[in-house]
Every structure is written in structure tokens, then in C-alpha cells.
Amino acid sequence: MDCIANLGSQKAVVIFSKSSCYMSHAIKRLFYEQGVSPMIHELDQDSRGKEMEYALIRLGCSPAVPAVFIGGKFVGSATTVMTLHVNGSLNKLLKDAGALWL
């Protein structure tokens, strides 16, 4: 779990993903289209991927990917991020974390 927290705070936005997951792709695209450059950890391409996946599940992320951290804090999975985007709060979180300047 400490590994996830450490990785999750390495950049303003960190996404734990799997390269074959369509929801992970959609969430990454959402951030890229807003001008955010997130750090991406592809669990299916990391030797510790399974261990990190279990840690994300223990953190409350179900399914384990995509899991999004903003400003070093766990925000949630795709449903939570999309809800924040639709209701307009995602931009504020991104600005507060230093991921957006406009």
C-alpha cells in the first residue's frame, strides 16, 4: 500500500492503468484532452503489477483500474473521475494540484 501512495504522489496526476483496459484509455484521453500530462503506471507491463493491483483493490478501487490520484490523493476510478468532470469539480482539483494553469 505504501508503494501505491508513493507512486501516487510522484506527479500532480497519476493514473494506474492496464494497456488493454478501454476505461483506462478513456480516462487517460480525458486528461490529455484537458492539457494534463499524467504519470501513467501500466500494471500489465510492470513486474509488480499484480501486487499493485491488489493494493488498489484494498484501497477501495473496484475495479482496480483505472485508479486516479490527483495531488497525491486517491480520487477514485473511472466513475468518480467522470462524475467530477461532468459536475465541473475536476478542473478545480487539477488546478489546485498544479496540473492545470488556466
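For what follows I take contact to mean heavy atoms within 4.5 Å. I also keep in mind that this is a predicted model.

**Entry 1, helix H3.** I began by asking what covers the buried residues of H3. I found that the cover includes helix H1 (2–8), E1 and E3. The buried residues themselves, in a helix that spans residues 49–59, are Gly 49, Met 52, Glu 53, Ala 55 and Leu 56. They sit on the same side of H3, because their arc around the axis is only 160°. A reminder to myself: residues three or four places apart point the same way, since an α-helix has 3.6 residues a turn. On the face turned away from the buried side I noted the exposed residues Lys 50, Glu 51 and Arg 58. After H3 comes Gly 60, and I read a positive phi there, near 110°.

**Entry 2, the sheet.** Next I traced the strand order, which is E2-E1-E3-E4 in an open sheet of 4 strands with mixed pairing. E2 (39–42) and E4 stand at the edges; each has a single partner strand, so one side of each lacks a neighbour in the sheet. On average, neighbouring strands are turned by 25° against each other, direction ignored.

I then looked at the pairs. E1 (residues 13–17) runs parallel to E2, with 4 bridges, and Phe 16 has His 41 as its bridge partner in E2. Helix H2 packs on the sheet and touches E1, E2 and E3, its direction making about 160° with that of E1.

E3 (residues 67–70) and E4 (residues 73–76) are antiparallel, with 3 bridges. Ile 70 finds its bridge partner in Lys 73 of E4. These two strands form a hairpin with 2 residues between them, and Gly 71 in the turn has a positive phi of about 60°. Helix H4 (residues 78–87) lies across E3 and E4, and I get about 85° between H4 and E4.

Is Ser 24 buried or exposed? I have it as buried, because its relative accessible area is 0%, and buried means under 20%. Ser 24 belongs to helix H2 (residues 22–33). Its side chain makes a polar contact of 3.4 Å with that of Ser 17. Leaving aside neighbours within four places in sequence, I list Ser 17, Lys 18, Val 65 and Pro 66 as the contacts of Ser 24.

Notes
Residues are numbered from 1 along each chain as its sequence is written. This is a predicted model: local features need pLDDT of at least 70, side-chain atom pairs count only at pLDDT 80 or more; totals for chains, interfaces and linings use all residues. Side-chain values use heavy atoms; hydrogens and water are left out. Buried means under 20% relative accessible area, exposed over 50%, partly exposed in between (1.4 Å probe, protein chains only). A polar contact is a pair of N or O atoms within 3.5 Å; within protein, one must be able to donate a hydrogen and the other to accept it, and residues adjacent in sequence count only if both atoms are side-chain atoms. Two strands pair if DSSP finds at least two bridges between them. Axes are lines fitted to C-alpha atoms, for helices over the stretch in contact, and angles run from 0 to 180 degrees between N-to-C directions. The arc is that of the directions from the helix axis to the C-beta atoms.
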